[in-house]
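Q: Let us go through this structure feature by feature. Please start with the fold.

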Amino acid sequence: MSSGRVLIVDDEPTSRITVRDFLQMRGFEVLEAQNCAVARELQVGERPEAAVVDYALPDGNAFDLLKVFRESDPGLAVVILTGYGTIESAVDAMRFGAVDYVQKPFTEDELVEFANRLVLRRQDRRERAYGVVLDAVDERLARGCDNSFPVGTHLSGHGESATDS
């Protein structure tokens with residue numbers, strides 16, 4: 001069973017492969033992109049729960065990508081990795097919606113920790129959204145709409161009704 005689907009965006013093959021292999025060994029399904037264009041395609045087509053994005057990319061930067069991700073999937077949890085971070089860029093990352101901003105190099109434990117945190121954050125958002133739907137159904141039932149299907153109605157179109165024995 002997968003721990004979640006994570007998109008890794010890094011133009012350095014060695015770095016991307018290292019992160020990929022490490023996450024796969026811990027049960028994550030990993031998608032890979034070497035630039036912003038491929039990352040956009042994968043994000044829309046594959047719907048990852050999280051993305052780990054290197055700041056500097058050949059066709060843009062992590063902030064450019066983060067803005068596009070937010071438009072198509074506001075709930076996507078994104079961590080930005082950088083080899084040359086500043087306090088200002090960390091503040092900008094949070095302002096643009098990144099969940100975390102991590103300075104390279106990082107340890108394997110840190111990698112697993114932020115990948116798990118990203119996936120759990122996304123799953124929590126989905127569960128809360130599902131809960132909102134269930135709350136709306138419960139509210140409708142509480143207002144008396146639970147009698148909208150008379151006893152004996154076949155909801156599926158076949159099978160026994162509630163009054164059949």
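A: From the N terminus on, the order of elements is β-α-β-α-β-β-β-α-β-α-β-α. That comes to 5 helices and 7 strands. Helices (H or I, at least four residues) and strands (E, at least two) are DSSP runs, numbered from the N terminus. This is a predicted model: local features need pLDDT of at least 70, side-chain atom pairs count only at pLDDT 80 or more, and totals for chains, interfaces and linings use all residues. Residues are numbered from 1 along each chain as its sequence is written, and side-chain values use heavy atoms, with hydrogens and water left out.

Q: Where is confidence lowest, and where is it highest?

A: pLDDT is the predictor's confidence in each residue, from 0 to 100. Where pLDDT is low, the predicted coordinates should not be read in detail. The protein averages 79, and 73% of the residues score at least 70. Helix H5 (residues 108-142) is lowest, at a mean of 66, while helix H2 (residues 36-46) is highest, at 96. Over residues 146-165 the pLDDT is below 50, and this stretch has 11 contacts in the model beyond near neighbours in sequence. Contact means heavy atoms within 4.5 Å.

Q: How many residues does the largest nonpolar core have?

A: In soluble globular proteins, nonpolar side chains tend to be buried together. A nonpolar core is a set of buried Ala, Val, Leu, Ile, Met, Phe, Trp, Tyr and Cys residues joined through side-chain atoms within 4.5 Å. Buried means under 20% relative accessible area, exposed over 50%, partly exposed in between (1.4 Å probe, protein chains only). Here 36% of the 165 residues count as buried. The largest core has 21 residues, and Leu 7, Val 9, Val 53, Leu 65, Phe 69, Val 78 and Ile 80 have the most contacts inside it. Strands S1 (4-9), S2 (28-33), S3 (50-54) and S6 (77-82) each give two or more residues to this core, as do H2 and helix H3 (62-72). H3 gives the most, with 5 residues. Apart from this core lies another, of 19 residues, among them Val 6, Val 30, Phe 114 and Ala 115.

Q: Which residues does Leu 7 contact beyond its neighbours within four places in sequence?

A: They include Leu 31, Ala 39, Leu 42, Val 52 and Phe 69.

Q: Which residues line the largest pocket?

A: On a 1 Å grid over the protein atoms alone, a pocket is an open set of points where a 1.4 Å probe fits, with protein on both sides within 12 Å along at least five of seven lines; lining residues have an atom within 4 Å of a point. The lining here includes Glu 12, Val 19, Phe 22, Lys 104, Phe 106 and Leu 111. Helix H1 (13-25) gives the most, with 4 residues.

Q: Is Val 19 buried or exposed?

A: Val 19 lies in H1. Val 19 counts as buried, because its relative accessibility is 4%. Beyond neighbours within four places in sequence, Val 19 contacts Ile 8, Phe 106 and Leu 111.

Q: Where is Phe 96 found?

A: Phe 96 is in the loop between helix H4 (87-95) and strand S7 (100-103). Its relative accessible area is 23%, so Phe 96 is partly exposed. Leaving aside neighbours within four places in sequence, Phe 96 contacts Phe 63, Leu 66, Lys 67 and Arg 70.
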